[in-house]
Amino acid sequence: MQGVEAKQLFGAKAQGSPQAPAPYGSYAKGCFGGGVMLPETGPTWQAMRLSRNRNWGHPETIDFIKKLSAKAAQQPGWKGLYVGDISQPRGGPMLTGHRSHQIGMDVDIWMRPPKTLSLSEKDREFISSISMRRANGAYVNSDWTKQHHEIIKAAAQDRRTARIFVFPGAKVQMCKDEKGDRAYLRKIRPWWGHHYHFHVRLSCPENAPGCVNQAPPPAGDGCESAEQWVRDILNPPPPKPRDPNAPKPKPRRELTMADLPNQCITVLQSR
């Protein structure tokens, strides 16, 4: 294992480890044992892109998805949820894509309202979600609905949710439209991309001493900072002058097993 990119080792595992469920490390530098697979199809969800084998998570994450999808199915025009990436069977760095999603506590939910939950495996490889953004993410477009607001709100109000990433225009729109309790808005944070899906990050589960939570969001509803993101999209600030003597940034290297918690070796080797 020494010197081998961790993504090659974790990407080769097709099944979860036969261990008690436990996440180790942080969202972008970790793994998890005892992973549970989200069934490919349920009464109110379908897992997408099955060829990736990324519909695995901690049991709390799988439970969260099932409950949120049931709430989504109560919204007009929604049969439930199309679920994107959760994690690989044992987490860890992914062969392609995300830097996070490593401990089974992250999940991407498609913005596309499911009209059917009978998509074939082939359908799920080729159907795409739909973008909700306009003006490079400064605003929502005409596909954004009250139902999107209510589903993301329900996700944020789950006590297990640490934060939700959406594009800036969606956060600002939700801030404008919310007339009731605004406390949940603190968990909804603007981030690049996230206009085809929203990304839910759950807190470390109880009794998981090896799991490292992200620092909590700043106090307040976060609406003002989201509005600043939008202003910067519409009127980008001038680039900062480059220091000719500054060292060139080092390219981001791939993680090896030495970068991950020691428990990840046991997770990999468990049979």
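**Exercise 1. In which helix is the place of Lys-66?**

Solution. Lys-66 lies in helix H2, which covers residues 59-72. Helices here are DSSP runs of H or I with at least four residues, strands are DSSP runs of E with at least two, and both are numbered from the N terminus. The model is predicted: local features need pLDDT of at least 70, side-chain atom pairs count only at pLDDT 80 or more, and totals for chains, interfaces and linings use all residues. Residues are numbered from 1 along each chain as its sequence is written, and side-chain values use heavy atoms, with hydrogens and water left out.

Step 1: accessibility. Lys-66 has a relative accessible area of 35% and is partly exposed. The cut-offs are under 20% for buried and over 50% for exposed, with partly exposed in between (1.4 Å probe, protein chains only).

Step 2: contacts. Not counting residues up to four places away in sequence, Lys-66 touches Leu-38, Pro-39, Thr-44 and Trp-45. Contact means heavy atoms within 4.5 Å.

Step 3: a distance. Between the C-alpha atoms of Lys-66 and Gly-80 there are 9.4 Å, and the two residues are 14 residues apart along the chain.

**Exercise 2. Why is strand E13 largely enclosed by the rest of the structure?**

Solution. Step 1: count. E13 covers residues 197-202, and it is largely enclosed because six of its six residues are buried.

Step 1: faces. In a regular strand the side chains alternate between the two faces of the sheet. On one side of E13 are His-197, His-199 and Arg-201, on the other Phe-198, Val-200 and Leu-202, all of them buried.

Step 2: partners. Two strands pair if DSSP finds at least two bridges between them. E13 pairs in the antiparallel sense with strand E8 (residues 106-110) over five bridges, and Asp-108 stands opposite His-199. Strand E11 (residues 161-166) also pairs with E13 in the antiparallel sense, over four bridges; there the bridge partner of Thr-161 is Leu-202.

Step 3: a charge over a ring. The charged end of Arg-201 sits over the ring of Tyr-27, 4.4 Å from its centre. The criterion is NZ of Lys or CZ of Arg within 6 Å of the ring centre and within 35 degrees of the ring normal.

**Exercise 3. How many residues of helix H5 are buried, and what covers them?**

Solution. Step 1: count. H5 (residues 168-177) has seven of its 10 residues buried, so this helix is largely enclosed by the rest of the structure. They are Pro-168, Gly-169, Ala-170, Lys-171, Val-172, Met-174 and Cys-175.

Step 1: cover. It includes strand E10 (139-140), helix H4 (146-157), E11, strand E12 (188-190) and helix H6 (223-234).

**Exercise 4. How many aromatic pairs does a search of the whole structure find?**

Solution. Step 1: the search finds three. Rings of Phe, Tyr and Trp (its six-membered ring) pair if their centres lie within 6.5 Å; planes under 30 degrees apart count as stacked, over 60 as edge-to-face, the rest as tilted.

Step 1: one pair. The rings of Trp-191 and Trp-229 have centres 6.0 Å apart and planes at 55 degrees, so this pair is tilted. Trp-191 is in the loop between E12 and E13 and Trp-229 in helix H6, 38 residues apart.

Step 2: another pair. Trp-192 and Trp-229 are also tilted, at 4.6 Å centre to centre and 50 degrees between the planes.

Step 3: the cluster. Ring pairs link Trp-191, Trp-192 and Trp-229 into a cluster. Trp-192 is exposed at 58% relative accessible area.
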